[in-house]
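This briefing goes through one protein model by topic, for a reader who wants the cut-offs beside the values. Please look over the sequence and the structure before reading on.

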Amino acid sequence: MIHNHHAIQVTGGIPKETDDAVVIEDRFDLLLNDRPVTTMVASRDQLRELGAGYVISEGLVRCVDKVTLDGDRILVYSDTGCDLKWKRQETGSSGGQSFISPAQTVVSDVRVTPDDVIAITREIETELWRKTGGVHCSVLFCNGRLLARSSDVGRHNTVDKLVGHAALNRIDLFRCVIGCTGRQPAGMIRKSANAGIPIIISRAATTDKGIVEAEAAGITLIGFSRGDRFTIYTHPSRVVLPERG
């Protein structure tokens with residue numbers, strides 16, 4: 001997960017030798033029912049969750065029966081069937097990929113308060129992030145309780161790991177809220193939509209197409225959540241706000 005790399009740190013023009021903690025990125029082949037799906041660049045932890053979450057958040061299957069690891073291969077099995085003929089597409093400058101699949105609509109009566117948003121945002125970091133600053137982080141909450149936390153070199157992977165954790169532990173994502181460090185373009189929103197997550201809270205920005213995707217999917221999208229400030233872009237009825245004068 002971490003490699004200590006010898007480097008030269010310069011402060012105020014003064015150089016100093018140091019050993020800097022650097023996050024390690026690896027490559028993994030993902031197979032669904034023994035058929036190749038994709039090659040993933042990811043951090044080497046929560047790999048079973050990563051595999052399970054990927055096939056669900058990409059809309060390939062609804063549920064997962066088993067995930068096994070074989071070296072650098074993640075083997076996912078599902079009896080619900082899948083259609084791997086869907087065309088793969090790039091999802092942005094980060095190099096993520098997704099499958100073009102029918103959009104899912106999220107229906108949920110989950111609500112959050114401003115205090116909930118602030119509390120969830122405070123939890124969006126991991127020990128790996130504190131040591132390296134080189135990963136994205138995401139958290140999964142239900143009924144005000146932290147269920148899982150993930151970190152990875154790719155922001156898409158952090159969502160997949162949480163979706164996979166929910167799938168492997170039979171957690172109903174329609175009752176959950178996800179918090180992320182990463183931007184929320186359309187590809188990220190689509191992952192949450194396919195998984196059935198009704199509320200997304202991000203410390204970062206969204207994009208115009210991310211907003212369009214969230215609106216169409218019935219997802220409450222909250223961005224720029226920092227300190228006691230946040231911006232609600234879509235479906236604000238899920239955020240319990242005081243009456244405006």
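The lining of the second largest pocket is made up of 12 nonpolar, four polar and two charged residues, where Ala, Val, Leu, Ile, Met, Phe, Trp, Tyr, Cys and Pro count as nonpolar, Asp, Glu, Lys and Arg as charged, and the others, Gly among them, as polar. The model is predicted, so that local features need pLDDT of at least 70 and side-chain atom pairs count only at pLDDT 80 or more, whereas totals for chains, interfaces and linings use all residues. Residues are numbered from 1 along each chain as its sequence is written, and side-chain values use heavy atoms, with hydrogens and water left out.

**Second largest pocket**

- The space in this pocket comes to about 300 Å³, a volume being the space filled by probe spheres set on grid points that are joined across faces, edges and corners.
- A pocket is an open set of points on a 1 Å grid over the protein atoms alone, where a 1.4 Å probe fits, with protein on both sides within 12 Å along at least five of seven lines, and lining residues have an atom within 4 Å of a point.
- There are 18 lining residues, and I56, R62, L173, N194 and A195 lie nearest the centre of the pocket.
- At least two lining residues come from each of α4 (155-168) and α5 (186-195), helices being DSSP runs of H or I with at least four residues and strands runs of E with at least two, numbered from the N terminus.

**Helix α5**

- Because nine of its 10 residues are buried, α5 is largely enclosed by the rest of the structure; buried means under 20% relative accessible area, exposed over 50%, and partly exposed in between, with a 1.4 Å probe and protein chains only.
- The buried residues of α5, among them N194 and A195, pack against α1 (47-57), α4, β11 (176-180), β12 (199-202), α6 and β13 (220-226).
- After α5 comes G196, which has a positive phi near 90 degrees.

**Salt bridges**

- The whole structure holds 10 salt bridges, each defined as a side-chain nitrogen of Lys or Arg within 4 Å of a carboxyl oxygen of Asp or Glu.
- R149 and E123 form one of these, at 2.6 Å from N to O, and the pair links strand β10 (residues 145-152), which holds R149, with the loop between α2 (114-122) and α3 (127-132), which holds E123, 26 residues apart.
- R149 counts as partly exposed at 30% relative accessibility, and E123 is likewise partly exposed, with a relative accessible area of 30%.
- K161 and D152 are joined by a salt bridge whose closest N and O atoms are 2.7 Å apart, and both residues are buried.
- In the salt bridge between R190 and E213, the closest N and O atoms are 3.1 Å apart; R190 lies in α5 and E213 in α6 (residues 208-217), so the pair ties together parts that are 23 residues apart in sequence.
- R190 is buried at a relative accessible area of 19%, and E213 counts as buried at 16%.

**Two buried positions**

- T158, placed in helix α4, counts as buried at 1% relative accessibility.
- Leaving aside neighbours within four places in sequence, T158 is in contact (heavy atoms within 4.5 Å) with H136, C137, S138, S150, S151 and D152.
- V239, in the segment after β14 (229-232), counts as buried at 5% relative accessibility.
- Not counting residues up to four places away in sequence, V239 touches V112, T220, I222, F230 and I232, while its C-alpha atom is separated by 9.3 Å from that of D116, 123 residues apart along the chain.
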